[in-house]
Amino acid sequence: MHCLLWIAGLLMAWTTTAVSGQQNPTITFITKELVADIGGTVELKCSVQFVKDFPVMWIRLPDTPLSFRGSRIVPDNRYSVRYDESSMTFLLQIQDLQESDEGKYQCQVQVTSTNKVTAEVELAIRRPPVISDDSTRDLIVGRGEDVSLFCNASGNPHPKVSWRRQGNAILPTGGAISHGTDLKILDIQKEHRGTYICTADNAVGNGDRRAINVRVEFSPLIRVPRDRVGQALFYDRELECVVDAFPAPQVEWIFDGRKIVTDQHYEVSAFSVANEATEMKLRIKNIQKKQFGTYQCIASNKLGSATGKVELYESTRVVGDYNDRNLFAVTTHPMDTTRKTLALGLTGAAASVIPAASSISSFFLCLFLALF
């Protein structure tokens with residue numbers, strides 16, 4: 001304000017001493033609109049014809065004077081001003097550009113205290129994209145709902161916004177990429193759950209991105225990899241069911257009308273797998289006759305429940321499973337010593353073939369001595 005009052009005083013003094021008959025000045029050239037990067041340097045030019053004895057100013061609109069008669073009056077050292085007499089051009093240079101430097105600059109020639117000639121140039125600062133906080137955040141929705149994801153981004157030039165799914169999975173709208181600030185998913189299903197990535201880019205910097213995790217609530221679904229498994233008596237066997245649900249369900253194994261818990265006969269375990277799925281396992285230890293039958297895997301959450309069934313039946317073949325070191329042992333009746341027993345990893349069974357092998361060796365030794 002003090003600066004403006006000082007300049008106004010100078011202009012009033014100039015008006016009283018202006019040379020009569022002086023031809024009015026004309027701005028013949030002004031720099032066109034400029035676009036520059038943060039940290040860069042720009043130079044604004046204003047050429048004035050018949051400028052002699054008329055003061056010229058650069059003003060940052062709306063009301064910040066920067067120079068007067070070719071001299072800098074703003075205290076910011078990033079600004080510098082010079083006058084090229086040969087071309088009658090007033091130059092304003094701005095170094096180390098900041099975002100706040102964006103705006104309109106006016107070249108002003110004061111003819112009288114009430115009459116002036118002006119021209120303006122707009123300076124735009126390139127800015128990398130920034131995704132605003134009013135964009136969609138992580139969502140939990142119900143299956144069958146219509147969902148709209150929104151991604152608002154600012155920057156200069158105005159950034160382009162695109163969507164994709166994590167892992168480049170197909171979007172519910174089709175294709176791998178969708179363009180625009182909104183992504184609409186109609187009748188959302190559990191297959192549409194996952195992470196959606198919004199990307200904003202305007203070729204300035206590295207762009208900006210936001211990951212939005214969309215979770216879909218649905219009642220449990222159960223998949224049984226093997227609904228019938230066999231095992232011999234006195235060996236371990238593992239049953240399995242895979243439960244898919246959100247919110248996370250309660251899961252239990254039922255046999256013969258009672259809930260199974262981990263004890264000396266059973267071991268219950270659960271493992272998280274892809275998305276909302278849980279892998280439920282039941283290890284039956286040292287199987288007894290009464291443990292053969294149908295086992296139920298039951299899962300329930302606030303939206304409903306589901307049941308899977310696995311039948312465990314008696315087998316004469318010992319079947320190995322994921323944690324059994326004595327894999328694929330094939331046995332015959334233990335009292336039959338005249339037949340070979342193949343037992344991989346079972347050292348006690350292997351000993352039963354030694355007497356038969358010893359008798360055969362003695363026969364061939366006697367035959368050899370009789371011949372020679």
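**Figure 1. The whole chain, from its surface to its contacts.** The protein chain exposes about 21600 Å², and carbon and sulfur atoms supply 53% of that area; accessible areas here come from the Shrake-Rupley method with a 1.4 Å probe, and for residues only the protein chains shown count as cover. Please keep in mind that this is a predicted model, in which local features need pLDDT of at least 70 and side-chain atom pairs count only at pLDDT 80 or more, while totals for chains, interfaces and linings use all residues. Residues are numbered from 1 along each chain as its sequence is written, and side-chain values use heavy atoms, with hydrogens and water left out. The protein chain has 3 helices and 26 strands; helices (H or I, at least four residues) and strands (E, at least two) are DSSP runs, numbered from the N terminus. Of the 372 residues in the protein chain, 38% are buried, where buried means under 20% relative accessible area, exposed over 50%, and partly exposed in between (1.4 Å probe, protein chains only). Among contacts with a separation of 6 or more, residues 24 or more positions apart account for 60%; a contact means heavy atoms within 4.5 Å.

**Figure 2. The disulfide of Cys46 and Cys107.** Welcome to one of the 3 disulfides in the structure; a disulfide is a pair of cysteine sulfur atoms within 2.5 Å. Here Cys46 is joined to Cys107, with an S to S distance of 1.9 Å. The link of Cys46 and Cys107 is left-handed, with -75 degrees about the S-S bond. Cys46 sits in strand 3 (residues 42-49) and Cys107 in strand 9 (residues 103-112), so this pair ties together parts that are 61 residues apart in sequence. Cys46 is buried, at a relative accessible area of 0%, and Cys107 is buried with a value of 0%.

**Figure 3. The disulfide of Cys151 and Cys198.** The sulfur atoms of Cys151 and Cys198 are joined at an S to S distance of 1.7 Å. The torsion about their S-S bond is about -75 degrees, so the disulfide of Cys151 and Cys198 is left-handed. Cys151 belongs to the loop between strand 12 (147-150) and strand 13 (153-156), while Cys198 lies in strand 17 (residues 194-201), so the pair ties together parts that are 47 residues apart in sequence. Cys151 is buried, with a relative accessible area of 1%; Cys198 is buried as well, with 0%.

**Figure 4. The disulfide of Cys241 and Cys297.** Cys241 and Cys297 form a disulfide with their sulfur atoms 2.0 Å apart. Distant parts of the chain are linked by this pair: Cys241 is in strand 20 (residues 237-246) and Cys297 in strand 25 (residues 293-301), 56 residues apart. Both Cys241 and Cys297 are buried. With bonded cysteines counted along the chain, the disulfides follow the pattern 1-2, 3-4, 5-6.

Figure 5. Have a look at how covered strand 20 is: 10 of its 10 residues are buried. In a regular strand the side chains alternate between the two faces of the sheet. From strand 20, Arg237, Leu239, Cys241, Val243 and Ala245 point one way and Glu238, Glu240, Val242, Asp244 and Phe246 the other way, and all are buried. Strand 18 (residues 208-223) runs antiparallel to strand 20 and is joined to it by 4 bridges; two strands pair if DSSP finds at least two bridges between them. Phe218 stands opposite Phe246 in strand 20. Strand 24 (residues 277-284) also pairs with strand 20 in the antiparallel sense, over 8 bridges, and in strand 24 Glu279 is the bridge partner of Val242.

Figure 6. The order 19-26-25-21-22 describes an open sheet of 5 strands, with mixed pairing. Its edge strands, strand 19 (228-231) and strand 22 (258-259), each pair on one side only. Strand 25 and strand 26 (residues 304-314) run antiparallel and are joined by 9 bridges. Asn301 stands opposite Gly304 in strand 26.

**Figure 7. Confidence along the chain.** The protein chain averages a pLDDT of 84, and 80% of the residues score at least 70; pLDDT is the predictor's confidence in each residue, from 0 to 100. Confidence is highest in strand 26, at 98, and lowest in helix 2 (residues 347-350), at a mean of 38. Over residues 1-20 the pLDDT is below 50, and this stretch has 23 contacts in the model beyond near neighbours in sequence. Residues 322-372 also stay under 50, and the model has 31 contacts for them beyond four places in sequence. Where pLDDT is low, the predicted coordinates should not be read in detail.
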